[in-house]
Amino acid sequence: MSDTPFGFGLPPEEPENGDEGKKKDQESGGGQGPANPFGFGLPGGPGGPGADNPLAAMFGSLNPNDLGAAFQQLGQMLSYEGGPVNWDMAKQIARQTVSQGTPDGTKDSSIGPAERSGVDEAVRLADLWLDDATSLPSGAGTAVAWSRAEWVEATLPVWKELVDPVAERVGAAMGDILPEEMQAMAGPLIGMMRSMGGAMFGTQIGQAVGVLAGEVVGSTDIGLPLGPAGKAALLPVNVEAFGKDLGVPQEEVRLYLALREAAHQRLFAHVPWLRSHLFGAVEGYARGIKVDTAKLEDVVGQLDPSNPEQLQDALQQGMFQPEDTPAQKAALARLETALALVEGWVDAVVHAAAKPRLSSADALRETLRRRRASGGPAEQTFATLIGLELRPRRLRDASRLWASLTDARGVDGRDALWAHPDMLPTASDLDDPDGFVHREQLDFSELDKMLGEAADGPAGKPNLKKDDEKDDDKGDDAE
């Protein structure tokens, strides 16, 4: 680590002959050039245009129209006093990214009545078809059509829940890279660096979420419920882009995607422990992520306030490394298995509902499988933000297992496994699906019934008086 933490350079020593010595040093190019107490890379640089004026050196490359924006960006960065992520900045940058459109030139647009009606009809029909394919009832109280900007607004609360724990680790790491002897004296400096960390994360998350908004087709693309509970959502502009080169009628594409969205909604609505189980698996994995403090120090030390885009470029490759420990590997296995089981169940159920009714069901299924297997829209986002790839690597294995369970136990027997997390298949079960399908499963219904009855009685105790009365009645009958 350098002797000047965060790249903060030391001011030049005072020449012995005062102002005349300063002037001579600057003319000869000697010394350290203009005083730059923050050590940020300055566009003018020593000896360059405006080198005798720190402000001109810092903002000399900006035209007057950009100067105000640069000051505003710097002010937001240093004045933020919220949590580990500057979510106001994240939202602003996500909206800006959405407004720029996708690389193929597709722009966001407001949702019209015809598109809302189309999504509503597709979700209602999808729910009807799913009634035959699963015992879980509908979980979509409403069907909504979102623009990309509306998707950003609706999903930011969940991104906050996912990212804040990891960002907290980065905030702590930014203070830890100060030498110990300085930490006790550097309270204001650490506060400023934490504000910078919040801005860095906010910038990167905003860009990532904005890019995602141009690719996702609903609220459950990554296997996690990103939107509000009970709302089945589709993004018409992205649905159209998804089906553009598939050679499949748009109505069928929209209906198939509505089936997937509605199936996810059923699962998350009627398996109450599932959401916390998945988010807990993400958090458990994130706890084992190490922050690359060397890269963090390098990023912070080279920040240029006149170039806000540098923030997102600096973090593009991420700064997180998973620990190579048994606990971390086990956490990753739990998460990947949980994602595979969710995606596999949805894949199997949607195929059962669509196959008899849509001629394009097989083609659409394979397209979506490949999209998810290659990481889909979320892989780079999570790999960059929290060092985690949300890929259901064993999607096909899980789908085959759920299909085999349907054949062996029927729809009700298959879906009954969601009653308790301990009843679900494990990673080893995906290796031996036949063994799991024909294994005797634990039945928790009697235990739940006993616990419920105990809770109904006073202080959780059985009603002994009624039992005694029953025994007396039996005695009378015997007499």
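Analyst: Happy to! The largest cavity is lined by V217, G218, T220, D221, L234, L257, R260, E261, H264, L368, R371 and R372. A cavity here is a set of points, on a 1 Å grid over the protein atoms alone, where a 1.4 Å probe fits but cannot get out, and lining residues have an atom within 4 Å of a point. This is a predicted model, where local features need pLDDT of at least 70, side-chain atom pairs count only at pLDDT 80 or more, and totals for chains, interfaces and linings use all residues. Residues are numbered from 1 along each chain as its sequence is written, and side-chain values use heavy atoms, with hydrogens and water left out.

User: How much space lies in the largest cavity?

Analyst: The structure holds 4 cavities of 30 Å³ or more. A volume is the space filled by probe spheres set on the points, with grid points joined across faces, edges and corners. For the largest cavity, that space is about 130 Å³.

User: Which helix gives the most to the lining of the largest cavity?

Analyst: Helices are DSSP runs (H or I, at least four residues), numbered from the N terminus. Both α10 and α15 supply at least two residues each to this lining. With 4 residues, the one that gives the most is α10.

User: Are α10 and α15 parallel, perpendicular or oblique to each other?

Analyst: The axes of α10 (residues 250-270) and α15 (residues 361-373) come within 11 Å and cross at roughly 60°. Axes are lines fitted to C-alpha atoms, for helices over the stretch in contact, with angles from 0 to 180 degrees between N-to-C directions. Angles under 35 degrees count as roughly parallel, over 145 as roughly antiparallel, 65 to 115 as roughly perpendicular and the rest as oblique. Therefore α10 is, relative to α15, oblique.

User: How much space lies in the second largest pocket, and which helix gives the most to its lining?

Analyst: A pocket is an open set with protein on both sides within 12 Å along at least five of seven lines. The second largest pocket holds about 370 Å³ of space, and of its 19 lining residues the closest to its centre are T102, P103, V211, G214 and E215. Helices α4 (87-99), α8 (187-213) and α9 (236-242) each supply at least two lining residues. The one that gives the most, with 3 residues, is α9.
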